[in-house]
Amino acid sequence: MCGIFGIIFAERPRRPLGEILRRGLERLEYRGYDSAGVAVVDRGLVVKKDAGKVAEVAQRYGFDSLQGVVGLAHTRWATHGKPDQVNAHPHVDCRGVIAVVHNGIIENYAELKEELMKRGHVFRSETDTEVIAHLVEEYKKQGLDTFSAFKKALSRVRGAYAIALIDAENPRAIYFARNLSPLIIGVGEGFNIVASDIPTVLDHTKRVIAVRDGEYGYITAGEVYIEADGVPQDVAARIEEIPWSAEMATKGGYPHFMLKEIYEQPESLASTAAGLEPAQLEAVANALLAARNVYIVGAGTSYHAGLTLAFILPRLRITPIPVISSEYAIYEDLYDKDDLAIAISQSGETIDTIKAVKAMRERGVKVVAVTNVVGSTLSRESDVVLYTRAGPEMGVAATKTFTTQVLTLAAVYLTALRALGHDVAEHQRELKAVPDLARKTIEKTAGTAKELARRLRQRLSAYYLGRGAALPVAMEGALKLKEVAYLHAEAYPAGESKHGPIALVEEGFPVIFVFSDPNTGEKTLSNVAEMKARGALTIGTVPARSDYAKKLDVAIEVPQTSELFAPILHVIPLQMLAYFTAVERGYDPDKPRNLAKTVTVE
Ligand code: G6P
């Protein structure tokens, strides 16, 4: 979605303010890159913005030479209005003194716009955001100070928002508000920041406050003031130290974040494994075994991670109900206080997942969150939080967060297995070995993935097939290829592929089989034979030293482990295949078109 960043200093910073804003935007760009813009106060309000990626717009408008002590910045993923210069943020009032940036959607903007136009306000853009600037202008005209006018404006808007606003006539503060869209405050010495997410402030500070739904306030260079329903909040008690370094949010020598994050997986898996708390896992496992219904909720890659658990839970005689977050209403009549939901979200901010969780909790469902972001909305909306410790993920396509989610869910499964009286010592050893096996997988399979990418680059379409516990891995592989290489890729249960998909197969059609589930490998081989007979190029991720390799045109061997952890290893070459295919086709895998890292609109 959109990303927002605002910073205010006590005195002129050593580097020009515009350069600081541009760097903030570069950090945020993965949230949306249809347009970029900044506003600074330098004797008056100065706004520079346009359609395009941050680097292009910043260069064209000389962001780096803008001066001042207070500024806002924005990257946009278009919802209302096409991505062009007028619709780019910041938006300003009629007189050009108030600037606002916004992530989210103001649902009642059309009626507010009409009302304001009747009062003589002139609108420049088609966006919902612009009404905020005009509302504040209107209430200031009626005699209110900026903060009171801002609060009154908030009382008029409905919808999801993270907002930051500056007023050149009162430039000692940045005003902010949050409802549903993420917003954090970076607390500094001689400066303060508002931003959409944590990586954006890491260059400046590691001290962060997560703004909560319904809260609003302002930052000055030396103060953070937050209010909810007119009541001032205790800010000092909410400052958290974030264990991520600024270095973790840079490319560190890799051409793209996506590749860096694929290569970081051994480390992320190790720190996630080390962070698993036995007492917490036991509490979750017991709740899982005691629950009437178990819902496994997530969107995109997080949903696929959830499926890796959903497909093995029946072995514990648990019937999970996988729920795609945006479709939570299908099961609404079932939600009950005896139920448990495991909600998975890297960002902890995906609106579909948050809404699903809220609907479930309203009916008493107990919620376990699996998230990567400390203090995220999901973490606060849940009864128990299991943190993955993948570090910041900047590539839009999730990689290391998927494997750390799978590891966490496998640890929950193991704990439940033990609670049922099974010996899990062997599985525990396998869990400890996963980071090292992930490293070996990367080393061994990168070359083949790269070669294959050259063969895939000219194709239009590919199938990803798997049976049983291998299916979620196939689904994740297909999603990666679609997301970054813009190739049509479809995942199917391998056995079902003969009921339709096979009709498309002709000479050279790539079909990628996942052999991560030892219980289904033999049967999958018959589907390999069917595809081969139609001329398909058969590719497969197979356990090392198995016979499956001989049956395939191209076998990608990954180290042996049990089906619990195999999804982690088998997905790695598929991530690399998608990455290298995107690069071969000349695309930037970090910024796939039309996608955003954290989707905060329905
Ligand atoms: C977007 C991203 C995906 C991600 C999904 C869920 O679609 O582009 O990479 O898997 O959101 O995000 P979450 O933060 O909830 O895991």
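The model is predicted, so local features need pLDDT of at least 70 and side-chain atom pairs count only at pLDDT 80 or more, while totals for chains, interfaces and linings use all residues. Residues are numbered from 1 along each chain as its sequence is written, and side-chain values use heavy atoms, with hydrogens and water left out. Helices (H or I, at least four residues) and strands (E, at least two) are DSSP runs, numbered from the N terminus.

- Two packed helices are described by the angle between their axes and the distance between the axes.
- Axes here are lines fitted to C-alpha atoms, for helices over the stretch in contact, and angles run from 0 to 180 degrees between N-to-C directions.
- Helix H9 (residues 300–310) packs with helix H14 (residues 471–485) at an angle of about 165 degrees, and their axes are 8 Å apart. That makes H9 roughly antiparallel to H14. As for the cut-offs, under 35 degrees counts as roughly parallel, over 145 as roughly antiparallel, 65 to 115 as roughly perpendicular, and the rest as oblique.
- The H9 and H14 crossing is left-handed (the near helix is turned anticlockwise from the far one by less than a right angle; clockwise would be right-handed).
- On the H9 side of this contact (heavy atoms within 4.5 Å), the residues include His304 and Leu307, and on the H14 side they include Met475 and Leu479. The contact residues split into four nonpolar, four polar and two charged. Here Ala, Val, Leu, Ile, Met, Phe, Trp, Tyr, Cys and Pro count as nonpolar, Asp, Glu, Lys and Arg as charged, and the others, Gly among them, as polar.
- H9 also meets helix H12 (residues 400–419): their axes come within 9 Å and cross at roughly 25 degrees. That makes H9 roughly parallel to H12.
- The H9 and H12 crossing is right-handed. Among the residues making this contact are Ala305 and Leu309 of H9, plus Phe402 and Tyr413 of H12.

**Cysteines**

- How many disulfides does a search of the whole structure find? The search finds zero, taking a disulfide as a pair of cysteine sulfur atoms within 2.5 Å.
- Cys2 is buried, at 7% relative accessible area, whereas Cys94 is partly exposed, at 27%. Buried means under 20%, exposed over 50%, and partly exposed in between (1.4 Å probe, protein chains only).

**Two buried residues**

- Thr581 sits in helix H16 (residues 566–584) and is buried, at 0% relative accessibility. Leaving out residues up to four places away in sequence, Thr581 touches residues including Leu456, Arg457 and Leu481.
- Leu537 belongs to strand S24 (residues 537–543) and is buried too, with a relative accessible area of 11%. Beyond its neighbours within four places in sequence, Leu537 contacts residues including Phe509, Pro510 and Val554.

- Most residues other than glycine have a negative phi, and most peptide bonds are trans.
- The peptide bond from His89 to Pro90 is cis, with omega near -5 degrees. Pro90 lies in the loop between strand S4 (70–76) and strand S5 (91–92).
- Arg43 isn't a glycine, yet has a positive phi of about 65 degrees. Arg43 is exposed, at 84% relative accessibility.
- Tyr486 has a positive phi too, near 55 degrees. Tyr486 is buried, at 17% relative accessibility.
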